[in-house]
Amino acid sequence: MAAVSYSAHYYRIMVLLPFDQVNLDLNFKIHQDKREEVTTKVENGVIKPNVSDNPSLIQLPKEYTQLSKGGGDIAVETKGKAKSILFFTYRGMLDNFSGFVYDPNDNKPLKTNFDGDFKQIEKVHKNWYYVSSY
């Protein structure tokens, strides 16, 4: 009987906890300071686009590669003088990706930014948005 109660209790916890959201929240909080460092370096030209076949991509230096999934690349989109920066949390094929977008003016990303078709855009912090394209 104890195994059944434990199993039922475990199932209720699994149903009630939004694990994906918890993981995203943790990912954002754990890496926020380092991501802010990177955004400052990109804005100041210390870190520049360096992927030969895609001028909007930056392969991050080794100490920052853990900040963006799928190889440690970030995407940069220039809007006037401002640069929006995308750190990937998931990077699938073609336009199937998600991540955290930094915008220095706290402007919400458009559905089509970063060559995406965003189905989800949520503000997570001042200047930061979570986006998902699938």
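Q: Which helix is the place of Thr39 in?
A: Keep in mind that this is a predicted model. In it, the place of Thr39 is helix α2.

Q: Is Thr39 buried or exposed?
A: Buried means under 20% relative accessible area. Thr39 comes in at 0%, so Thr39 counts as buried.

Q: Is Ile30 buried or exposed?
A: Ile30 also sits in helix α2, which covers residues 19–43. Along with Val22 and Leu26, Ile30 makes a nonpolar surface patch of about 270 Å². The cut-off for exposed is over 50% relative accessible area; Ile30 has 60%, so Ile30 counts as exposed.

Q: Which element gives the largest share of the largest nonpolar core?
A: That core has 17 residues, and those touching the most other members are Val38, Val42, Ile58, Leu60, Ile74, Ile85 and Phe87. At least two residues each come from α2, β2, β3, β4 and β6. The largest share, four residues, comes from α2.

Q: How many residues are in the other core, the one with Phe88 and Val101?
A: This core lies apart from the largest one. Phe114 and Val131 are also among its members, and the count is nine residues.

Technical notes: Residues numbered from 1 in each chain as written. Predicted model: local features only at pLDDT ≥ 70, side-chain atom pairs only at ≥ 80, totals over all residues. Heavy atoms only, no water. Patch = residues over 30% accessible without salt bridge, like charges linked within 9 Å, V, L, I, M, F, W, Y side chains within 5 Å. Areas by Shrake-Rupley, 256 points an atom, 1.4 Å probe, with all protein chains shown as cover. Salt bridge = Lys/Arg side-chain N within 4 Å of Asp/Glu carboxyl O. Buried < 20%, exposed > 50% of the residue type's maximum accessible area, 1.4 Å probe, protein only. Core = buried A, V, L, I, M, F, W, Y, C linked by side-chain atoms within 4.5 Å.
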